[in-house]
Each structure stands twice: as C-alpha cells, then as structure tokens.
Amino acid sequence: MSSNRKRLPVGGRIRREVPVNFTFDGRKLIGYRGDTLASALLANGVTLVGRSFKYHRPRGIFSAGPEEPNALVTLGSAGRREPNLPAATLELADGMVVESQNRWPSLAFDVQSVNGLLAPLLSAGFYYKTFMGPTRRAWMFYEHFIRKAAGLGRAGTGPDPDRYEVRHAFADVAIVGGGPAGLSAARAAAAVGARVALIEQDFLLGGQLLAEPSDSAAAGWLRQAEAELEGFETVALMKRTTAFGSYDGNVLGLVKQRDPTDPKPNGEARQTVTMLRARSIVFATGAIERPIVFSNNDRPGVMLASAARTYLNRFAVLPGKKIIVATTNDGAWRTAFDYAAAGAEVTVADLRAVPPAALAAEAARLGVVVRAATRIVDLHGGHAVRQVTLNGPEGQSSAACDLVCVSGGWSPTVHLTSHLGSKPTYRDDIDGFVPGSFPAGRFGAGAMMGTYATADAIDDGHRAGSEAAASCGKSAPVPAPSKLDLDETATSSLREIPSVGRGKAFVDFQMDVTTGDIELAHREGYESVEHLKRYTTLGMGTDQGKTSNFAALAAMAALRKATIPETGATTFRPPYTPVAIGALAGRAIGHHFKPIRRTPMHDWHMANGAKMLEVGLWMRPYFYRQSGRNVNEAYVAEMRTVRQAAGLMDISTLGKIDVQGPDAAIFLDRVYANGFAKLAIGRARYGVMLRDDGIVFDDGTTTRLAENRFFMTTSTAKAADVLSRLEFLLDTAWPDLRVAVTSVSDEWAAMSVAGPNSRAILNAAFPALDVSEEALSHMGLLESEWEGRALRILRLSYSGERAYEVYVGATAGEQLWSRLLEAGRPFDLKPYGVEALGALRVEKGHVAGPEIDGRTTLDDLGLGRMAGKRSGFVGDVLRRRPALRAPNRQRLVGLECIEEGKRLRGGAILFLPDEKPHGHGRGRVTSVTFSPERGHYVGLALLAGDVAAEGSELVAIYPMKAETVRARVVSPVFIDPQGERLHG
Amino acid sequence: MLRIECPCCGPRDHDEFRYGGDASVTRPAHDDPDPEAWYRYVYIRTNPAGQHREFWQHVTGCRQWMVVERDTRNHAIASVDFARKSTVRKQRA
C-alpha cells in the first residue's frame, strides 16, 4: 500500500491481509492488524507526533513500550476521549481516532514553540522564583495561563459511555512479564501444578524476543513456549494487562485493556482492574534502555536502539535508510546489523575505545561503518533529523542521517519491586539498580535482576518459577526449558557522560528537563536526588522518568564527584503506568457509588410529593411539596402543623439496639453518663454517652422492656459507631458482664406522631388501646400488637409537643403509616420532613449533631446535671480535666435575631459588638431556624462562657455571604420552657 | 491489602473489619478514679516500628472484636485471637 512507504514487503508480525483504517489529527491513514499506533505512524512516514510539555519542541516516537516519554496522544472523542496515551502501547484498531497534544493551532506549526526561545527564562525553579515569595499574588494571576501553556492532553468532559469493572482474582504464582524469563517461570510453576497468572502488558507474549526477526530461532522458541503454556488448564495468560502496583499481602493491581480489534466485545468492560492476590510472585519485568544525552537529542528521528530493532523486526518498518547507532554497549550493535541487512546505510558510533572484535568483524561483513571512541555532540533537524555532529579521535565531523538509534545501556525495571519500600541497590558490574531484597513469597528473574543474556534469563526464569511454586508447597522435578542462544555478547559497557553542544540536551524528555537544569539544581544546592526531582520536576511526568532516571542520577553524581550509590535512587510509587480513574472506580459510580438505605415508608414518600435528602447512606424526606413551594416555605408550614395540630415523621433511620442479659442494667449504667439501673420497667429515659476522653459521644433514649431487657435508640448518624462501641466494651473491657447487644435497626419501622392532637389520633388509629395520660404518660411505654405484628408506642418528644414514637415490624411500616394518616385526617395530621424536624428541635433547645460535634462536653451543652454526682461511667474521669472545665470554654446558648428582615445562619462567627471582627471570634452559630412562634430567626450557638451573659448583644458574621447581623443571647429553650406541653 | 484470618469466619479482606486502636494499653477498671491511669490509656501510645497489638472488629462478619498482632513495617500478621479471650486472660493475670 502506497501510504505505508516505510513498510517492508515481507516479514514482521503484522497481518498484511488485514488493513486497519485510522486517523491522526484528521489525516486518514492505514496500518495492519498487529501494528501499534506507533508502528503504523512510522510506517506512514509520520515522524512528528507531539509537542513537548514546557518548550513545545517537536517530538517523535522514541521507544516501543510503556516507557515512551514523547509520543503521547489522545484517543477517541467526546466522553470516550482519553489523553496522554503512549502511542507505542496502543494496539491499532479499525476506526481509531487519534489526536496529537499540546499544540495550537497545529502540530506542525505551534505558536507556543516560541517558548523554546524564552527557554533561558523557563529553567528549573523558574515558576517558584518568579511567582512565589513576595510576588505570590502574581502567581495567583499567572497560574491559569501557565498551566494552559504547559500541559498534556485534555480529557473528555462528557459522561463516558463505556463500562469499567473492578474484580478480585487469586493465583498460586503470579508472573509479571511475558518475556523469556517470565515464560520460562510460568512453565516451571505450571509444570508442578501451580495455578499461574502470567501478566503481560503487550498484546503479544515474548517481550524482547519480539524484537528478533520473525523467522529466527527466537521466534521458534517463543511459539513453542506459548503452545506449551496454552496446554496447561491452570495457566491464565493475561495479555493487554499491566501490573500497575504491588501491594502488601502479595497483591498486584492489574489493569486490562479490552481487545480493541474485537468487533463484538460482547459487553466486556473497556478496562478491567483486577486485584490479584497471589501466594507468590515472580517479577520478570525486564529492563528499559537508556537514552544518550547530547544537544537536541529529543528531535524526532532519535529512537532507542532496541525500539528501532523492534519496529524493524516485529512491525517490518524501516524508519530510516541512513542511520547512526550511538552506543556505549554491545546490545545496540544488533540493531546496526539488522538495519544493514535490511538495506540501510549504517554507522556505529561506539563510545568505547575498542569495541569487541567479534562485533567489528560482523560489522565489516555487513558493510557497517564503525567509529570507536566516538560520540554524538549535536544534532540538526526540526521535525525530522537531518544530520549529526560526531566527535571522535579524528576530531569533529558531520554525518547526514534520517534515524539516530541510541543506547546508553539498560536499567532493570525495578518499579514494582520498589513499591513496598524496598530500595533498589546499585550493581557495579551492570552499572544499574536491581531490587534490594525480596520479602517472602516474592522472586525476581531475568533482565530485571541484571541477567541480560536471553539464555541466562530463560534459566533464571526457570529457577524463579520453581522456587515460587515451591514456596506455595508445589514442587517436583521439571525438565529444563529448551535452550535459546542468541549469541549475545556482553562486554562491559561504558558510562556515558553527557556531551552538550549549543542546543539543549535533554535528560527527561517528557518534563523537558535538561542537563542545564540539573547543573542549576546542583549549583543551588538541590543535590539530593529527592530535591533534584522536586526542583527540576525530573521524573514527575506520566512516564515517571522511566527512561530518564539513570541519566539524571549519573549527571548529578558526576557534578557532585560522587558515585551512583552515594547519589542514591528516587522512590518509585504506584502506578507503574497511568491508570484511568474510571477503571479504578469500576461500577462504583452514580447510584452505585455507595449503598442507598431506604426506610420501609420510602415508596410512600416518593408517591406523595416528598423531596428526598441524602443523610449519610439514608434517603429521608426533606420536606413535602404539598407544604410549600420550596424548603423554606415548607418547613415553616410543617412546623406550624406540628405545633398547632399534629405531624407524622418517618424516624425509621434511628439506630435501634436490643440490650439483653442479667447485667444489662449495670452495663447501661456504665455506658451512659446518667443512671439507668433504677429505671422502672415500662419507662424510657433520655441518655447521653461520653467517650473515654470525656467528650460527648451520642444521645438517645433507652426504654426498659423487662428486668433484663432494654431497647436503646441512637442518633441516625452514630448508629453503627454506638453498636460497635458497646460490643467493644463488652469484648475488651467488661467480659464479665452477661449482656448481649444486637442491632434491630432494620427490624422496626418507626414514626413519630407529634402535636397537640397526637393522642386523639392514636385513639382513632388504635381504638383497642388505652393511650390515656394515666396509661401512657410522658416517657411511658405501651407494648402491643397491630395486625399480628409487634407494636411499641413510646411517649417521647423531640419537638417539644406531646408526641409518641410508634414502632412496628418493618414490613408493616407503610401500612401503619397510611393508617395513622387516615385516622389523623380529621385532626389535620400531615407528614413533615427532616428540615422541620431539625427546626422544631432547635426551637425546643435540644442538641443534635451540630452541637454534639466531637468537641463538646456535657457541661458545654448544658447537660452537666444529668451526670450529677455519679461516677464509674465511661468518660467520667477525663471529663473532670481542668481544661474541660475552664470558664472560657464555649457553651451552648440561644440566640435570637434582633434585626428586622435579617436572618441568622449556621456557621456564622460571633463577635462582641464593639470589637474588630478578626479570627475565630467568641463562638459560632451551630443551628438556626425561623421560629413561627417568635416571629423571627432563632438559633443555637456555642459561645465562650466568660464573654456574654443572657440578654447581651453580639454580632454574627457570615463571611461567605458578607452578612453581619445583630443577635441577642437568650436561653436555648425558645418555646414552652416549663415543658407543660409534654405532660397531661 | 491486609487479610485477617478471623478465628470465627476464616481469612477475610480488611474491608470487612473496623480498626479499634492499640490493644497493648490497659484499660483501667470502670470505677478507677485515677486520672493518670485514664490519661495513659486514652493518650499514650508507643507507636512501634514492628510488632503491634491492635483491635479489629469483624463488622460485616461475626462482629467479634479481635486482637491482631501486626508488623507495622510490612503489615505481616503474626496472630489473630478473640479480644474477649485475651481480655479474660489479662484480667485473670
């Protein structure tokens, strides 16, 4: 096909009979099944793929794997848009829509490439020096523009229509990496009966073997290994799956991409995160080739030598015909030979004075020009390389070229093994870092351990696979794996020292960090690698500096005249490669983000105009639309109904705990600050619990059902915490007490009938029951049955009106609710929501969550008399601490608004009228409501105890709305201070 | 990614548990009036790098409180036992 002008007619692992259409920046291009986006772009002669982060320099494809720092693209459109994807990891699929990033108006002509001219201003630390400190305000102004100019791709803003999954999986032996070591490890473990998960990020197994010619011995070995593994039922070959994190308990975080070439994915999630728990893990993650640092080393057409070989042998792409291979080691010579064999004109510039004779001989045979002790010092070309400047024994010379292959040696991929805090250690013989140590159940094999030769890696994998299987109790003799010798020589490499001409020499391509930035950091004292990283942003890109890390360490070591181990290594953290938030969230989005709890009367509320409110996990009626057009109108109307007639409220969300046992009374006496031992059977009592530190924990009522049985209610918010705390005390503090506690929250539906007409309504609803004052006085209990279900009526009031809490078996909840409404119709009974409930309690001066905020004591809340002279209850000793009894502690007071037409707001800060409002003030407003009885806003507040007596004036300031309002300190009980409405 | 071997329910993910703090501190008797003892119990922690005895409750399982011995450096769990058992043992001693 004519558009594939760089494609060879034969070879590779692509299927020429399956052409694949895709677009790049709107241009229609064609690749083949088996291509990656990167290989297809190269085959089409596309060299310019992106613009760099800071300087907007033209960049091309640099690698053939997830280490890619340059060729980051945006895939898809609308809600499916996914930015910052390395082109080298994207499997080409029909209809793919790809855009380049960080350029405007177009990739070839980018306005902000003038940033390159401003480069002297944009060095490391520039932003901080310029915009922080005295000019901090300037940063606030400029940040928006700077962030816009320096950036990556944009994510889609619409909802993503695709589905993502999170799942859990298990294996005996997990193997990370499907190269020669990993394949060999998988075979060894599977052969002794271990359940094996082989994890490979590529869509093909083979790792570096895929860079070998597709008709070579390596290809044969790979075919055999793959066939052998497919023969095991206990082996899961997890392709397109990246291990992004390694966690405690031998857990690996994996993310799998759906096969993009599958025309019918049958509902498979686009990405699936798997938390894989393995009994042992073999890390066979390979190694990443290092670049070489010279001026303009970031231009399109500069590529890692191993990547160039992969594009040639795996994808049958010949990206250049006149190539320079710049190397410090033997490995890159194989790239030179393969390119020469494919017809390219090749020059090898080896930094070493005497390259191995065997390589020199092969070079001579293939017509490869060899220049020893030679390095590249500069490179020319804009959107594609044109020429390099070489410096060697014969002096400086220029060489024309269209591809530069670089190899500064190899760095073992130790990211995953570092995730648990094990620092990599430096090995002099390979001039690289290997894993420091492995905890039990973890093993390493192959190149990631510094074992580079393929034959050795296969043996090492076999050993690691056997050991990993043995560590989960599976061992037996296994025949050795088939041999594969690729004639790799491994004479020692030479540490490359960056050579810099006039142009910038890049160390971290993605973050645009140059040798100059590292020198600056050194000059300014940021010598530690961790400081270097933060000062220059080195390694902080989405590639986490996979290619740059070692070069930066080496540069800093040279500047400090220190060794690499003295300079140290940075810390790698998960994820190894970026993971989409959507994949991590899986299905826990929208409605499924958290569970929803509905009361037994939920459907009735929905059918009868309730506006619902999320309260923790619960859905509760906020207000009923029949009461008013909006919440402010409705809650006041609902309050009036309760005060003047009667209201019905769904209180099923209260925590309900059944407390039983011979020592139940003693137990409650200890957990409540007020006494319960003498509570009569059939009576309820309001109780307050403290924490061990003397702060109020929760409040509620507890009713004595029988000598040894109590029914406790807790606040909705603290229901789970209270139960857990009671269990804690019984298990860890007082195991001698014979008490059992059980949650019965979901067993009972609960509703409150409150208001002057409440008794008449109960009479009408339960004609057979005696609910008279004599039979059921305030704080009394009536137990009965209704329609064959258990029924409990407690005469309790939260609103300050005569009120009853009616409990019935949960499944009869809606039925009883409807029955009460029907019976209450002649008495003007109407349902009310949580806003009115909260307002009614504020008017009555009852404390709730806003006041019981984890900082207040009994005394602060005006409840000190409840504990009286008691002792021996939880929190008693520490509540007596002097600091908790200081006279200037904030205490509960009532506030009333004394300015016509103004209102109080929860959260307002309180100041004395004559002081300058500054800081945290003298206290704050905790809860407010409009009081229909008082005709103005009232509120509860926590106010320093020594500043204002009842009757004095304060100023309440609400900075969010720039409101200031005058208020008077009053008793927190705004209605019926004598409690006359509760009785009789 | 802790997994706790619940003595009642078997090995379970730590998502099923609630953490309950340091189990090596001694709770004073409920009627102990000594503020110093309560202060130590509530506030003083050794925060070791290494073996740590701590309370966990199997909230979505058997609801029992456990004493778990965990290495704070690597989360390796050395032992799990019912808190009730170890409390009784401690109180007898």
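How many bridges join β16(A) to strand β22 (residues 403–407) of chain A, and in which sense do the two run? Five bridges join them, and the strands run parallel. The model is predicted: local features need pLDDT of at least 70, side-chain atom pairs count only at pLDDT 80 or more, and totals for chains, interfaces and linings use all residues. Residues are numbered from 1 along each chain as its sequence is written, while chains are lettered from A and ligands numbered from 1 in the order in which they are written.

**Strand β16 of chain A**

- Helices (H or I, at least four residues) and strands (E, at least two) are DSSP runs, numbered from the N terminus, and two strands pair if DSSP finds at least two bridges between them.
- β16(A) covers residues 322–327, and five of its six residues are buried, so the strand is largely enclosed by the rest of the structure.
- A residue is buried if 20 or more other C-beta atoms, placed from the backbone, lie within 10 Å of its own, exposed if 12 or fewer, and partly exposed in between.
- With strand β17 (residues 345–350) of chain A, β16(A) pairs in the parallel sense over six bridges.
- Ala326(A) stands opposite Ala349(A) in β17(A) and opposite Val406(A) in β22(A).
- A right-handed β-α-β unit is made by β16(A), helix α7 (residues 332–341) of chain A and β17(A); right-handed means that, with the strands pointing away from the viewer, the path from the first strand over the helix to the second runs clockwise.

**Nonpolar cores**

- A nonpolar core is a set of buried Ala, Val, Leu, Ile, Met, Phe, Trp, Tyr and Cys residues joined through C-beta atoms within 7 Å.
- The largest core has 158 residues, and those touching the most other members include Val173(A), Ile175(A) and Val404(A).
- Helix α4 (residues 180–191) of chain A supplies the largest share of this core, eight residues.
- A second, separate core of 107 residues includes Ile657(A), Leu679(A), Ile761(A) and Ala867(A).

- Chain B has two helices and six strands, in the sequence pattern β-β-β-α-β-β-β-α.
- The C-alpha trace of chain B spans about 40 × 30 × 25 Å along its principal axes.
- Of the 93 residues in chain B, 22% are buried.
- In all, 20 residues of chain A are in contact with 24 residues of chain B, contact meaning C-beta atoms, placed from the backbone, within 7 Å.
- Helix α19 (residues 719–733) of chain A gives the most to the side of chain A that touches chain B, with six residues.

Technical notes:
Two residues are in contact if their C-beta atoms, placed from the backbone, lie within 7 Å.
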